[in-house]
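Subject: Structure handover

Hello,

Here is the structure for you to take over. My notes on it follow below.

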Amino acid sequence: MATQKKTFDAVEVLNEIESKFDMVQILDQEGNIVNEDLMPDLTDEQLVELMERMVWTRVLDQRSISLNRQGRLGFYAPTAGQEASQLASQYALESDDYILPGYRDVPQLIWQGLPLTKAFLFSRGHFEGNQFPEGVNALSPQIIIGAQYVQTAGVALGIKKRGKDAVAITYTGDGGTSQGDFYEGINFASAYKAPAIFVVQNNQYAISTPRDLQTNAKTLAQKGVASGIPSVLVDGMDALAVYKVTKEARERAVKGEGPTLIETMTYRYGPHTMAGDDPTRYRTEETDTEWEAKDPIIRFRKFLEAKGLWNEEKENEHIEKAKEDIKNAIKEADGVEKQTVTQLMEIMYDEMPSNLKEQYEVYKEKESK
Ligand SMILES: Cc1ncc(C[n+]2csc(CCOP(=O)(O)OP(=O)(O)O)c2C)c(N)n1
């Protein structure tokens, strides 16, 4: 009797791929180095600078939430918890690199050179908040989930065609990986070996939808595999690990080896945005506490303190500096002339459609009074 030929075991292949996605970590939650071999090449000054940025940005988050509640800011998506994921990935960039952020990614723009006043104007929906200074290579934060992934493939291809020594980096959330744009973007960039870095900040929830309901894939990182993209899962609460994998992705990209997909395992402490969702309705206190113990600033502080590079005095100095910077920037934003409806229309249209022209005249008349 002929033995039956063994068929290809697709389930086994999937299980094997999924089992390969171990989470890259350098610092554990106590601030101990658990993977010495991966330690990035950063000077003491650079390590301190990264900490200063995380502390400053945490204060910005707290102040932005209260400014929003006072009606002094508009749209705001909280960032606390995601500092390592956002700032350590940005720290691996060069000034010529191009950022295509999502709505939560304002901190990366600021550290890439966007003045804080501009960020506040963006929050208020003022068009000046979308006009970036020369040298800040970035698009405005994207509101349409996943759209920035397709744009990034295009920007990265442009960088490649111009022979520039730069990359395009983009960010989306766990929910963003369910969008068609996500797959189109990574596939296109891979096919053209475009110098792109695709970051998925897995903060566990897409508004109220938990990560486990979002997809049946065991990791989000593995979604890159089908596109032929090297993909990595990293502890997004560990600044050193995030920096390390982003730096490596950048090196690969500028060498012409194509894009990388990075999933950062992280958490947002606050609500989705300040528009009214209540996280207590979809998250438990235990989950919050579990993640707060992994806090990126606490573990980096412990690491730096053990090296004698950080102390309470330095941290307080930076908290005060952040408060001062925020106070000055909001004052400057308050001083910017209020946006009128006609100005907005003029900016939107080179040639206005006739129905809008009529409305334009009505508003012009109103504004003249
Ligand atoms: C194409 C599109 N669909 C739906 C929305 C509404 N929406 C805004 S945020 C959001 C959830 C996104 O979650 P995730 O990608 O995980 O990012 P996070 O906000 O957690 O950073 C949705 C569905 C949108 N902005 N764009």
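One definition before the rest: a residue is called buried if 20 or more other C-beta atoms lie within 10 Å of its own, exposed if 12 or fewer, and partly exposed in between. Please also keep in mind that this is a predicted model.

The definition applies directly to Lys-193. This residue has 16 other C-beta atoms within 10 Å, so Lys-193 is partly exposed. Its phi is near 45 degrees, which is positive, and the residue is not a glycine. Lys-193 sits in the loop that runs between helix H7 (180–191) and E3.

Ile-207 also deserves a look. Its phi is positive, at about 50 degrees, and here too the residue is not a glycine. Ile-207 belongs to the loop between strand E4 (205–206) and strand E5 (209–210). Is Ile-207 buried or exposed? Ile-207 counts as exposed, because 12 C-beta neighbours lie inside 10 Å.

The chain overall

The chain has 14 helices and 7 strands. Its radius of gyration is 22 Å. A compact globule of 369 residues would come out near 21 Å, so the two agree. Along the principal axes, the C-alpha atoms fill a box of roughly 95 × 55 × 50 Å. Of the 369 residues, 42% are buried. Take the contacts with a separation of 6 or more: 76% of them join residues 24 or more positions apart.

The sheet

Five strands form an open sheet. The order is E1-E2-E3-E7-E6, and the pairing is parallel. Which strands stand at the edges? They are strand E1 (98–100) and strand E6 (231–235). Each has a single partner strand, so one side of each is left without a neighbour in the sheet. From one strand to the next, the twist averages 20 degrees.

At the E6 end, E6 pairs with strand E7 (residues 260–265) in the parallel sense, over 5 bridges. Within this pair, Leu-233 has Glu-263 in E7 as its bridge partner. Helix H9 (residues 239–254) packs on the sheet. H9 touches strand E3 (196–202), E6 and E7. The direction of H9 makes about 170 degrees with that of E7.

Helix H12

H12 covers residues 312–335. How far apart are its end C-alpha atoms? They are 35 Å apart. At 1.5 Å a residue, its 24 residues should span 34 Å, so the helix agrees with expectation. His-318, Ala-322, Ala-329 and Ala-333 are buried in H12. Among the elements that cover the buried residues of H12 are helix H2 (44–69) and helix H5 (116–123).

Record annotations

UniProt, in an unreviewed entry, places a "coiled-coil region" at residues 309–339. In the model, residues 309–339 are 77% helix and 0% strand. The end C-alpha atoms of that stretch are 46 Å apart.

UniProt also lists "domain: Dehydrogenase E1 component" at residues 52–339, again from an unreviewed entry. Over residues 52–339, the chain is 45% helix and 11% strand. Here the end C-alpha atoms are 34 Å apart. Both annotations may be inferred rather than shown by experiment.

Over to you.

Best wishes

Terms used: Residues numbered from 1 in each chain as written. Predicted model: local features only at pLDDT ≥ 70, side-chain atom pairs only at ≥ 80, totals over all residues. Helix = DSSP H or I, 4+ residues; strand = E, 2+ residues; numbered from the N terminus. Rg over C-alpha atoms; globule rule 2.2 N^0.38 Å. Contact = placed C-beta atoms within 7 Å. Expected span 1.5 Å × (residues − 1). Pairing = 2+ DSSP bridges. Axes fitted to C-alpha atoms, helices over the stretch in contact; angles between N-to-C directions.
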